[in-house]
Amino acid sequence: MNEAQIANELKKRKADLAFWVDQFDRVMGNDAGMWSICEMQIKWHRDRIAQLKGMRFALHCNEQV
């Protein structure tokens, strides 16, 4: 992935994360099934964002060398 692709996916993942956090807040305590799905999605998006940031940092470091 190049830097533009990483930036684009980061933007999408952050928007998706905001959506799932909002959903989580809405269903908190009301629907255990949906609560679990929200929790899983939040974790996945946070992990992917961290991974993308790591990729972006690695690209930056490679440019410095």
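This report describes the fold, the surface and selected residues of a single chain. The model is predicted.

**Overall form**

The chain contains two helices and zero strands. Its radius of gyration is 15 Å, whereas a compact globule of 65 residues would have one near 11 Å. Along the principal axes, the C-alpha atoms fill a box of roughly 50 × 15 × 15 Å. Of the contacts between residues at least 6 apart in sequence, 62% join residues at least 24 apart.

**Surface and charge**

Buried residues make up 23% of the 65 in the chain. There are 10 positive and 9 negative side chains, and the centres of these two sets lie 4 Å apart.

**Selected residues**

| Residue | Relative accessibility | Class |
|---|---|---|
| Q23 | 15% | buried |
| C38 | 0% | buried |
| Q41 | 22% | partly exposed |
| C61 | 30% | partly exposed |

Q23 belongs to helix α1, which spans residues 3–27. Q23 counts as buried because its relative accessible area of 15% is under 20%. Beyond its neighbours within four places in sequence, Q23 is in contact with M34 and C38.

Q41 is part of helix α2, residues 32–64.

Notes
Residues numbered from 1 in each chain as written. Predicted model: local features only at pLDDT ≥ 70, side-chain atom pairs only at ≥ 80, totals over all residues. Heavy atoms only, no water. Buried < 20%, exposed > 50% of the residue type's maximum accessible area, 1.4 Å probe, protein only. Helix = DSSP H or I, 4+ residues; strand = E, 2+ residues; numbered from the N terminus. Contact = heavy atoms within 4.5 Å. Rg over C-alpha atoms; globule rule 2.2 N^0.38 Å. Lys, Arg positive; Asp, Glu negative; His and termini not counted. Charge placed at Lys NZ, Arg CZ, Asp CG, Glu CD.
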